[in-house]
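Dear colleague,

My notes on it come directly after.

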Amino acid sequence: MSVPYHPQLNPTLAPPFPQAALHVLRNPQLRKNVAHAMDVIQAKRARLVLEKSDWQALRTAASEIRAHALDHLGTYLEQFEAHCSEAGGIVHWAATAEDARRIILDILRQEQATVVIKIKTMTSTEIQLNPFLEASGVSVFETDLAEIILQLGHDEPSHIVVPALHVNRSQVRDIFARSMGLPDLSDDPHALTAAARHYLRQKFLSIPTAIGGANFLIAETGSVAVVESEGNGRMCLTLPRTLITLAGIEKVLPRFQDLEVMLQVLARSATGERMNPYTSLWTGVVPGDGPQHFHVVLLDNGRSGILRNSVDRQTLKCIRCAACMNACPVYRQTGGHAYGSVYPGPIGAILTPQLMQMHHAQSLPYAPTLCGACYEVCPVKINIPEVLIDLRARVVDQDRSHLEHYFDPLYLGMRLTGFIFRHPWLFHSAQRLARLGLRLFTRKDGWIHSLPSVGAEWTQTRDLRGFPSRTFHERWVARSATQSPRPQ
Amino acid sequence: MTPLTTARQLILDRIRDATGSAAFDEPSIELAALRASLSRDYIRKATLAPEAILALLIERLHEYDAEVVECTHDLLPAAVAAELLAANLAAGRSSFIVPAGLPSAWLDVARTHSEFTLIPDHDLPIDLIEDASGVITTAFCAVADSGTIILHHSPAEGRRLITLLPDWHLCILHASQVVQTLPEYFDLCKTPPNLVTWISGPSATADIEMTRIKGVHGPRFLHVLLVRD
């Protein structure tokens, strides 16, 4: 059994990725749980994408709609605000996480709410809403099954669609048995799900205030869309008197009809289903049906800064399907907690540092491998490797602003290498020297398994191919010498 | 903390600054032209014959563990009664909520049975809805491609609550309401509706070890009565 460990999802406090990943890599149970979940989702997604003959056309359309919405974000946000207000919704704007928390608490105070039910929303984890509300005297009940597992287990989400995938059934059983007072509970997922249904039913029927997120905001109509599987979302959207929706400013779609594209790609990419069991859309307040007090909190919290650079802007096209993390060879090994952010995996590696304005999480752009698997599966065609390279360059530029950087061995080594690469005679001498030197460390199988000093940083985690007896260049020169030139 | 009155302006200014001022005060006609130029090369019309579309819908609904029964228009009232009776026999379901706008004639046969009661929804209190064993509604349309039933919550489809709390849902769907692809549904929405619920099979979760479990909070049993017009 592993040591109890509480993951730190606050990017300002989390350790660098390689350090945080070590903890997970040493936990075989967690790695097994993550790998199993990834295998299942990936296989389902692949099958359903294959059956869709117009998949690439849908991806292109989805990508263009999202890019268009971001290029004209100001206009579409104003349209959303106008239409939502006309329909009786109250729209708030929050520049920072702190503003959003304060706005939500003020609404709750106005409503004299001391307890709330919640639909799963990653954005609320981003602004650390639950600990803030609890500290302010408001009890929070998560209603998504995975979120209940995490809340009752004092754990943090490790995935944006299946947040508790790192927990297996016997661990869920222990958490439920302890916190729901059910010592005889079995670890059958049916029994565990039934326990959650029973635990929440009375809360749904009696708690008059709910907080949720949004998958999409529709500028044309002022409507909000929420997709889900369990029905807990519909409960929170229908039963309470007051509903507060927290949404990032990037969630806007221009038209209602745009959903014909987004909702064809979302469920297939996220859970490998043709459609998620429930999708709800509502416009403001509808008399006689659902909450009669409706607030939308539009959250910036670093997003508007991401719009500035056209390469990085594509980060905000994301519709949070998690296909990139499901496909990522690094996420598969480490799970989500190592990323130190509510947004893990490849999308988190580009989103988190940018939300932090590059002041924190600088190790994340180096976490993925640039293999491109994430780009290939992304339903809105975010070129994640392209953004990763751009962000790595920004991290390096940042380092350059410190004087001591000029004495860093890595920097000096790179400068020296750059100089050598610019001078062919130096380059060839260096190659000959390296061949001689590395011969000492090359084993019979042609591989170098361990190097001393700085070289150890490479060979600690991977092998290096031994230096060839002749370089390509040497071979080419020899070839030209022995062969007659081609007839003209 | 940012003063709230200025937060809106601050955020919009930052966005304007980042995307270029051209992105503001855009004439809607220009934006519409830009939108029209976006590529939409995906499938937007039915590719199957009507009979094949119905077969596809039935196949999808079965995959979601929903029950499908077919009947002709003449036999609709008898088929509704038979469904309710079967639910009563199998699980003792004895009270069914009916939206106020559901065509009364569809319930003519069901009304003659004493095994169960039909409760019209005239602002029923929550506890009564929670205690009911089922609900009978119609739908706006259905999309065969994904097995999705779409409610716009008209008087015949009922308010959202009645198709949420009861554990058993009988949805009466006419063959003419079935489209093959999702874009065809959007073509049917001349004006975007205020309230929409899409249902693709009974509520489910895969949060524990990716094992699909049917029935979490929403209705656990979905029955579709497909009426051939």
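The paragraphs below set out what was found, beginning with the chains and ending with two local regions.

Please bear in mind that this is a predicted model.

**Domains of chain A**

Chain A comprises two domains, with domain 1 covering 17-304 and domain 2 covering 406-482. Between the C-alpha centres of domain 1 and domain 2 of chain A there is a separation of 51 Å.

**The contact between the chains**

On the side of chain B, 59 residues are in contact with 75 residues of chain A. The elements of chain B that each supply at least two residues to this side are helix H1 (4-19), helix H2 (28-36), helix H5 (126-131), helix H6 (182-188), strand S9 (195-199) and strand S10 (204-205). Of these, H1(B) gives the most, with ten residues. Sorted by class, the side of chain B that touches chain A has 31 nonpolar, 16 polar and twelve charged residues.

The two chains are also joined through strand pairing. Strand S9 (residues 278-283) of chain A and S9(B) run antiparallel and are linked by five bridges. Within this pairing, Thr279(A) stands opposite Trp198(B).

**Helix H8 of chain A**

Helix H8 (residues 145-152) of chain A is largely enclosed by the rest of the structure, because six of its eight residues are buried. The buried residues of H8(A) are Leu145(A), Ala146(A), Glu147(A), Ile148(A), Ile149(A) and Leu150(A). Their cover includes strand S3 (139-142), helix H9 (169-179) and helix H10 (189-206) of chain A, and S10 of chain B also takes part. After H8(A) comes His154(A), which has a positive phi, near 50°.

**Phe116 of chain B**

Which loop holds Phe116(B)? Phe116(B) is found in the loop between strand S2 (95-99) and strand S3 (117-121) of chain B.

Phe116(B) and Ser94(B) are 22 residues apart in sequence, yet their C-alpha atoms are 4.2 Å apart in space. Ser94(B) is also one of the contacts of Phe116(B) once neighbours within four places in sequence are left aside.

With kind regards

Technical notes
Residues numbered from 1 in each chain as written. Chains lettered and ligands numbered in written order. Predicted model: local features only at pLDDT ≥ 70, side-chain atom pairs only at ≥ 80, totals over all residues. Domains from an automatic or database assignment. Contact = placed C-beta atoms within 7 Å. Helix = DSSP H or I, 4+ residues; strand = E, 2+ residues; numbered from the N terminus. Nonpolar A, V, L, I, M, F, W, Y, C, P; charged D, E, K, R; others polar. Pairing = 2+ DSSP bridges. Buried ≥ 20, exposed ≤ 12 C-beta atoms within 10 Å, placed from the backbone.
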